[in-house]
Amino acid sequence: MIHHYLAARAELTAPGAPFATTTIDVRGAAIRTFANMPPNMRVLWESTAAHADKDYIVYEDERYTYAEIHAQVRKLAHHLAAHGVTRHTRVAIAMRNYPEWVVGYWATISVGAAVVGMNAWWTPPEMEYALNDSEPRVLIADDERLERLAHMPEQRPMHIISVRSTGALPEGGVHWADVMAGDDPGSLPPCEIDPDDDATIFYTSGTTGFPKGAQLTHRGSVANILNLIAMTTIATAGEQKAVDAGDLPPKPPSTPRPPVFMAPTPLFHVTACNCLLHPATIGGAKIVFTRKWDPGRALELIERERVTSFSGVPTMSRELLMHPDWATRDTSSLQGLGGGGAALQPDLVTKIAGAVSSSAPSTGYGMTETHGIITANAGRWFVNKPASCGPAVPTLETKLVDEDGNDLPTDPDTIGVLCVRGAVVIKGYLNRPEATADAIRDGWLNTGDIARIDEDGFIFLVDRAKDMVLRGGENVYCSEVESAIYHHDAIAEAAVFGVPDERLGEDVAAVIVLKPGHELTDDALREFLSASLAKYKIPAQIWFRDEPIPRNANGKFLKRELRAEILGG
């Protein structure tokens, strides 16, 4: 039956078709991209003015139309320009998923500057590092983040816009309400934007203990939007071919609904920003935000706003289905339930498929370094291959390499490290030429993930090559946590790794060997780490060990063996 999907993909990506691809030279590499696509994100944003009277942003009990947000974007864009924000400069955004995050995003990229997405969970030292690394002209932040800023020993000069603030303003700062109090200028400031200009800087956890600022371009962001649209269109067309051929029963008739997306994950990640905010906005959809994740409140808003697509990490989908209110809330509007940021377990695929007659499971595999998705798998194709994260998007070439970087044969039984090349691969890492050169060679990005590719082009992730824990959609690099642990005077050895967690998929664990004569409790260690690590990076489970941690011949900790010993298998 999968041949129907493959036939639809071939037709829709052929020369002259809506999603036809071509090859261009980008930074000296032959890159696959769409043959016809808008030059930058500002053009796409301005096109959404056509949705003027539609609801755009719903935050808890607040509601804003496209016209209202466009007016706010224009006001902020002129304010930013007046404070030296131009092409090749940066604006940092540090806050919850408030409507102001969305306004700040579109205003910044519309004046040719890049948004620096600040992780809202960062501690003061983590915030300080990113601000010093990215050197923004302006910081847009809420009270919680400004409070952390006050604890930084040295603050770099930048204009601060305070959002939903009740406290005193930093010197030279301004309240958001004062920026919005002026008249609507009626148009955005003029500017030139090259497709290869940075649109966003998103920080990824670093294997050396310091995060790296991934440079997401306008070309890559636009291509990611079109990839998302293409994969949905291909899946739908393939299903129709299967229905027409009698290989699939037709879906039950349903009432067409206006698109309404719920965004429960943070906007400082590509999952919510590039894979939800971008396509939903371009399509004129309504987007529903909450102050924090609460499955009961989410179900209430799904019912109230008639949400058609829920896109979070798998943990959230599972918590919705398991919540006692699932049986009493009207979730019949849902047409998609899934998301990315972590693997969607096969049992959850089946549960979603059977939970609501009109709802289909979906997933995507991707990285910050690819502006969002690498693969997508949805609907009845997902149920057909629930262990696969799907085929690669149209603008990506794929290959497998061995540990030395040598190409492996294209065979369904071959397992190797997945590499991808295409328009959605990032420009590089900000201020990190060596890290860029290590990760991207001749345009090929080494994902660090071990995979196999079947005869239909569907990718199956086998293992993770990077020393990393994927905790509820958040990447936690073990070496970063280990570096923080080693700052404690009592620590002789520390090994950090992931352990299974029913709700999060994985959680962070550590095995500790203390120096002779020292004492330390797990709670005391967590308290020590809270000063330098965001809460989600701090080990949930800690074991103290009397003997040295086992190592291999090269002196590296044998974490797999240690994990098996701890977990009993």
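Across the interface of domain 1 and domain 2, the rule finds 1 salt bridge, a salt bridge being a side-chain nitrogen of Lys or Arg within 4 Å of a carboxyl oxygen of Asp or Glu. The model is predicted: local features need pLDDT of at least 70 and side-chain atom pairs count only at pLDDT 80 or more, while totals for chains, interfaces and linings use all residues. Residues are numbered from 1 along each chain as its sequence is written, and side-chain values use heavy atoms, with hydrogens and water left out.

**The domain interface**

Domain 1 spans 65-192 and domain 2 spans 467-565; these bounds come from an automatic or database domain assignment. Taken over C-alpha atoms, the two centres are 36 Å apart. Domain 1 brings 6 residues to the contact and domain 2 brings 9 residues, where contact means heavy atoms within 4.5 Å.

About 500 Å² is buried between the domains, with carbon and sulfur atoms giving 49%. Buried area is the accessible area (1.4 Å probe) that two parts lose on being put together, summed over both. Of the area that domain 1 buries against domain 2, 74% is supplied by Trp-121, Thr-123 and Glu-126, more than any other three residues. Glu-126 also pairs with Lys-537 in a salt bridge.

The structure holds 33 salt bridges. The table lists some of them.

| Pair | N to O distance |
|---|---|
| Glu-126 and Lys-537 | 2.8 Å |
| Glu-60 and Arg-297 | 2.7 Å |
| Glu-305 and Lys-286 | 2.8 Å |
| Arg-297 and Glu-300 | 3.0 Å |

Glu-60 and Arg-297 form a salt bridge. Because Glu-60 lies in the loop between strand S3 (55-59) and strand S4 (62-65) and Arg-297 in helix H10 (residues 295-305), this pair ties together parts that are 237 residues apart in sequence. Helices (H or I, at least four residues) and strands (E, at least two) are DSSP runs, numbered from the N terminus. Both Glu-60 and Arg-297 are buried, buried meaning under 20% relative accessible area, exposed over 50% and partly exposed in between (1.4 Å probe, protein chains only).

Glu-305 forms a salt bridge with Lys-286. Glu-305 lies in helix H10 and Lys-286 in strand S13 (residues 286-289), so the pair ties together parts that are 19 residues apart in sequence. Glu-305 and Lys-286 are both buried.

Within helix H10, Arg-297 and Glu-300 lie 3 residues apart, about one turn of the helix. Arg-297 has a relative accessible area of 16%, whereas Glu-300, at 31%, counts as partly exposed. Salt bridges that share partners join Asp-55, Glu-60, Asp-61, Arg-63, Lys-286, Arg-297, Glu-300, Arg-304 and Glu-305 into one network.
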